Amino acid sequence: MQVHWHDRLAQGLLLLCCAALALFLIGPLLMILVKSVQDKDGAYIGLVHFREYFATPALQQSIWNTLFVATAVTFITVPLAFTYAYALTRSCMPGRSVFRVLALTPILAPSLMAAISFIQWFGTQGLLKGLLMGHSVYGPIGIILSAVYATFPHALMIVLTALLLADGRLYEAAESLRTPTWRRFFTITLPGAKYGLVSATMVVFSYTVSDFGIPKVIGGNYNVLAVDIFKQVIGQQNFNKGAVVSLVLLLPVLFAFSVDWVMRRRLQAQFSSRAVPYVPRPSPAFDRAMLVFCSLVAIYLLAVLGMAVYTSFIKLWPYDKSFSLRHYVYGLIDAGVIVDYFNSLKMALYSALFGTVFVFLVAYLLEKTRGMATLKAFVRLVATIPMAVPGLVLGLGYIFFFNHPDNPLNGLYHTMGILVLSTIVHYYTSSHMTAVTALKALDDEFESVSASLKVPFYRTFFRVTVPVCLPAVLDIGRYLFVNGMVTISAVVFLYAPDTRVASVSILNMDEAGEIGAAAGMATLIVASSTAMCILYAIVTRVLLGRTQAWRATSRV
Amino acid sequence: MIKGTSQPAGASARFLDLAGIRKNFGRFEALKDVSLDAARGELMVFLGPSGCGKTTLLRIIAGLESQDAGTIVQDGRDISRLPAIRRDYGIVFQSYALFPNLTVADNIAYGLVNRRTARDAVRIRVAELLKLVGLPDAGIKYPGQLSGGQQQRIALARAIATSPGLLLLDEPLSALDALERVRLRGEIRALQQRLGVTTIMVTHDQEEALSMADRVVVMNAGRIEQVGTPREVYETPATPFVADFVGKINVLPAIAEGAGRFRVGSVSLTVDRHDIAAGTPVKLYLRPEEIGVHVNGHAAHDALAARVAKVEFLGAFCMVGIALDAAGVPALVANVPRQQVDAGRLAPGSAVRVSLPPAAMRVLS
């Protein structure tokens, strides 16, 4: 078959995208493998680092600490999220939509913020210190409390989806067979949510294992792997040892990721388009119990966010609680730290802009163009990898790869560009899946019809594909922006003095004891993310209402 | 402005010529050496069970799949290796594939605008096409506001908007409900004849194929079983597959006895075929409506004694299951008009005589 230049163009673009993914994901990851078996001067030394590592009791202890904390967080977060999601979908308690929005607020804040808040609540000068009965919040307790806060919305969203997919007819059938409520729960609800629960478990586990901000701020002397990497790289400048710890960190995350991957596929397969949504019926006692539960969780979530905001607006916790803007005026603006906030804003906007374009383009080329089957299979595989790579590991890989004197892209190092790239790559998988799902929902024959009408594919892309997928495109943009605002793990190795971002400066201010200013910065991040989400809601409603009139109209 | 593809004097009657088309998907042979030609202005229907290769063949003609071997000549031009965008056809899919975010008018104009047609001309052409498919006021609506049948009419209008030389229809009626399907069947056929556009339609519905086609191409397992007019395919199926697939048919395993006689079980039947050597095992095929069912006493002398096994009411006629008294003959199914069933009081257990007309019997091996 002759190849039309249209097809050549599409194939060329796909090749370019593939090269970009290889360059900014595969290259850095391979460098970690290489560095882990080299000494400081780059000579091959085999597994010496690994042997040294496993011979150091303190580092070994980190592995157990990491696994302990992650397991504890998983066992707390997942049941909490399940019950919360159950209340949202299966009860008639009042205020369900408010509870739903509240539950997602932790996504808007960097994980560090939770740690700072818990220090304010339970730390040496904490208001509720007595509740810990002599235990210190600096350590596993603080890490677990904060990580539960940070992981809760992630688990909730997955479990919520699983519960929403339930087929109402199953419950009607069970009822007509006089099945008691408890039996319906164990034979219909739980099996239906099974894959979602496993997936949530894995996501919470790997989030906790890979998160570095929380243990850094509230971990005290309790060592975990993520902080070890940071200490090796930033503290001791021992990059090769850092590479070794990275690989150790990668293992549990990879395991969790593989399980999650399998589960997600099953979760999708379970979805039947003919399912009838379940409609809960009022049941006063149950609804009241659920309301109490959700209120308690909401108080916990609001207490964290509220404490951070409050801390930023008072003079000095807990001695002078009078209202003041000094943390913003002196701590952020006069100290010049506010620049970091604008850097964050810039980075998040660039990530959202370029990331969305790139993600959607790749997904389009994969799903809607012809030929290059092998290359496409490769790109599909590569697109799933970022989810399995902790940010710290990716960041370290970027140092190795881009700081390498022989790399022609060396100039990227220490620029805003590398921060944006690492953010896009770090959050690639979810964005990619959103785009692919939206594209798969389009009729496969649009491209065939266009060809028969002699309309070039790019015209159909701009005139039909993008407008129809606009909600997904905006969603990807919002996702990348919000994560760009809160991310710390990948960028902590990559920033330069003039490209330092807000989450990093929170870390620095916390270390310098400037809790008020750190809380102020966190508040600014939350405010920006919230503003973006509100903007997104308005845009989707107004703009889509105008350009997508076809969506609202129902069939005659 | 709507021009029929008028037949220029001296133009070849063979508008589309396929020769030796082969296509494999991995190890699966989707098409095994398919050759075929379609005359200018005819409506040809590819009929076959799912997986027989009919859609693949259509997509190869459209350039949406590439054949592994074989050539395609359309209107004297070798298009075998041309990409879809350089070929000359319009296509309608089962899923309609209307662009949901464009109005009906914009959908129809989609291919026109690209050809730098003047805006007014486009508008007039769209109005014409809308009228042609019987939806003159639908232009400002979105596809989602139309019924399935209306959407398919718009898809058809979009496909013929640029007056292509060839119209391809990929199961265009399969997603519609039964009534709409029958109505659109007639409309598409009338439109096609009016425009005179050479058309190829794919379907798995034999009734659709028989009612619409100039010629039917019956396909099975990547091969063409028979090409013929609907009557030819129905009345003189070339292979056992065609006999089975198109319409209902009775099958009687038999052994030729020579001189036009065939033994089925313990009876010997006369069939108008004298060229088959005695002793050859064959199969006799007979349509249910060809079987004469007579209540005792009124039958021809060579009719066979039988009993009604069951009567299934189907409206205008009844499907009557019949067991012959003679041993070794398979049960038969006959179509009997409702009035005759009533008059003869046919019911399970009724004694009847059946006649199997020699001229209606097909012999295939």
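Helices (H or I, at least four residues) and strands (E, at least two) on this tour are DSSP runs, numbered from the N terminus. The model is predicted, so local features need pLDDT of at least 70 and side-chain atom pairs count only at pLDDT 80 or more, while totals for chains, interfaces and linings use all residues. Residues are numbered from 1 along each chain as its sequence is written, and chains are lettered from A and ligands numbered from 1 in the order in which they are written.

**Stop 1: a covered helix in chain A**

Select residues 225-235 of chain A, which form helix α10. Eight of its eleven residues are buried, where buried means that 20 or more other C-beta atoms, placed from the backbone, lie within 10 Å of the residue's own. Among them are Leu225(A), Val227(A), Ile229(A) and Phe230(A), and Asp228(A) and Gln232(A) are on the buried list too. Step just past the end of α10(A) to find Gln237(A), with a positive phi of about 55 degrees.

**Stop 2: two helices packed together**

Now show α4 (residues 96-104) and α12 (residues 284-313) of chain A. Their axes are 10 Å apart and meet at an angle of about 35 degrees; axes are lines fitted to C-alpha atoms over the stretch in contact, and angles run from 0 to 180 degrees between N-to-C directions. The crossing is left-handed, that is, the near helix is turned anticlockwise from the far one by less than a right angle.

Which residues of α4(A) meet α12(A)? Display Phe99(A), Leu102(A) and Ala103(A), which face Cys294(A), Ala298(A), Leu301(A) and Leu302(A) of α12(A). Contact here means C-beta atoms, placed from the backbone, within 7 Å. By class, this contact has seven nonpolar residues, no polar and no charged; Ala, Val, Leu, Ile, Met, Phe, Trp, Tyr, Cys and Pro count as nonpolar, Asp, Glu, Lys and Arg as charged, and the others, Gly among them, as polar.

**Stop 3: where the chains touch**

Bring in chain B, of which 28 residues are in contact with 25 residues of chain A. On the chain B side, the elements giving two or more residues are β6 (90-93) and α2 (104-114). That side has 16 nonpolar, ten polar and two charged residues.

**Stop 4: domain 1 of chain B**

Colour chain B by domain: domain 1 covers 14-239 and domain 2 covers 250-364, bounds that come from an automatic or database domain assignment. Their centres, taken over C-alpha atoms, are separated by 40 Å.

Zoom in on β3 (residues 43-47), where five of five residues are buried. Leu43(B), Val45(B) and Leu47(B) point one way, and Met44(B) and Phe46(B) the other. Strand β3(B) runs parallel to β8 (residues 198-203) over five bridges, with Val45(B) opposite Met201(B); strands pair if DSSP finds at least two bridges between them. Four bridges also join β3(B) to β9(B), again parallel, and there Met44(B) stands opposite Arg215(B).

Follow β9 (residues 215-220) into its antiparallel pairing with β10 (residues 223-228), over five bridges. Two residues lie between the strands of this hairpin, where Ala221(B) takes a positive phi near 45 degrees.

**Stop 5: the sheet of five strands**

Finish with the open antiparallel sheet ordered β15-β19-β16-β17-β18 in chain B.

Technical notes: Two residues are in contact if their C-beta atoms, placed from the backbone, lie within 7 Å. A residue is buried if 20 or more other C-beta atoms lie within 10 Å of its own, exposed if 12 or fewer, and partly exposed in between; C-beta atoms are placed from the backbone.
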